[in-house]
Amino acid sequence: MHQVQGVIARAQGAPVEVVTVNVPDPGPGEALVRVQACGVCHTDFHYREGGIGDDYPYLLGHEAAGVVESVGQGVTEVSPGDYVVLNWRAVCGECRACRRGEPWYCFATHNATQRMTLVDGTELSPALGIGAFQELTLVAAGQCTPVNPDARPAVAGLLGCGVMAGLGAALNTAAIQRGESVAVIGCGGVGAAAIAGARLAGATTIVAVDVDERKLAWASELGATHTVDSRVQDAVEAVKSLTDGFGADVVIDAVGRPETYKQAFYARDLAGRVVLVGVPTPEMTLELPLLDVFSHGGSLKSSWYGDCLPTRDFPMLIDLYLQGRLPLDAFVTEEIGPGDIEDAFAKMGRGEVLRSVVVFGEES
């Protein structure tokens, strides 16, 4: 058993707290990971606000990189000393999706069996099965993906959630081809990553749409060829005007609201693809004329975690970063300590950061 200082959300809407957490030694199929860095993601804020459930107290943090400290019985995929990025979808290898060769859709992903607790024995619910706003965390071994240790932890950990969601929406779900035109609606962390992914895939026209000039500037730095401030321009007409009047081959909705989804739907070319990667809330509904769905053709897709397979995607993307072909450093706006997370949530809400990253100790 290990004791560390971790960041929890004790009740809906209450400020996060730094408390002592008991972390068990790894059991069968589990790994103990020394966390070196963990990004502050919107999902952590949603946990705090009760937007994901009410299984308080939550142990926050999930977008992390670190080094495997020890492993439990039967673990073969990682070893102590491995430098890993954590993921929240350890695939089972046995469900119907895995058996048909599509493990990125795994329907039986799993987490560690043992629970981390407060010192009084209260069980904690780790965010996305990880709980990485602390120096040690316990996960299923399949949640650890070894990558090149030359990538600094503050950057590598971003692949654990938001940046992977955006890159994957472009590279995996949309499968953007060289020479295609792409529009991305919403240019926060996920949308900005989708723009970087579109550029990496070889898109020639990349249109960034947002209501925040700062986010549009970030989008330009990451590969957008055009920007649209939808406060003063009609997003659909602007995208069409930049694509010879036809609409984009691919439109990615990184916001996840009915109004932005309709913009995405009507801003695409005939037979174009719409990808929804922004996460709607349960009460949201969408109404579209069925004839428009039929007449536009193409495909309407949602992207779960960028349809990524961590063992395939994480090492490849880290290698591209180390080659200078994927600007992951641009997503790290600031590096902070565990006591700064409430302030990071506030900055995130004001749109002042792409990512605040909690760093533990000295980075390698």
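1. Basis of the note. This is a predicted model, in which local features need pLDDT of at least 70 and side-chain atom pairs count only at pLDDT 80 or more, while totals for chains, interfaces and linings use all residues. Residues are numbered from 1 along each chain as its sequence is written, and side-chain values use heavy atoms, with hydrogens and water left out.

2. The largest cavity. The lining of the largest cavity divides into 7 nonpolar residues, no polar residues and 1 charged residue. Here Ala, Val, Leu, Ile, Met, Phe, Trp, Tyr, Cys and Pro count as nonpolar, Asp, Glu, Lys and Arg as charged, and the others, Gly among them, as polar. The lining consists of Arg89, Val91, Pro103, Trp104, Tyr305, Cys308, Leu309 and Pro310. The volume is about 30 Å³, and the structure holds 1 cavity of 30 Å³ or more. On a 1 Å grid over the protein atoms alone, a cavity is a set of points where a 1.4 Å probe fits but cannot get out, and a pocket is an open set with protein on both sides within 12 Å along at least five of seven lines; lining residues have an atom within 4 Å of a point. Grid points are joined across faces, edges and corners, and a volume is the space filled by probe spheres set on the points.

3. The second largest pocket. This pocket contains about 300 Å³ of space. Of its 23 lining residues, Glu77, Ala90, Val91, Ala141 and Gly142 lie nearest the centre. The lining comprises 11 nonpolar, 9 polar and 3 charged residues. Strand β10 (144-146) and helix α10 (310-322) each supply at least two lining residues, and the largest share, 3 residues, comes from β10. Helices (H or I, at least four residues) and strands (E, at least two) are DSSP runs, numbered from the N terminus.

4. Packing of α10 against α4. Helix α4 (residues 162-173) packs with α10 at an angle of about 100°, the axes being 12 Å apart. The two helices are therefore roughly perpendicular to each other, a term covering angles of 65 to 115 degrees. Axes are lines fitted to C-alpha atoms, for helices over the stretch in contact, and angles run from 0 to 180 degrees between N-to-C directions. Met164, Leu167, Leu171 and Asn172 of α4 meet Arg312, Asp313, Phe314 and Leu317 of α10, where contact means heavy atoms within 4.5 Å.

Technical notes: Parallel < 35°, antiparallel > 145°, perpendicular 65-115°, else oblique.
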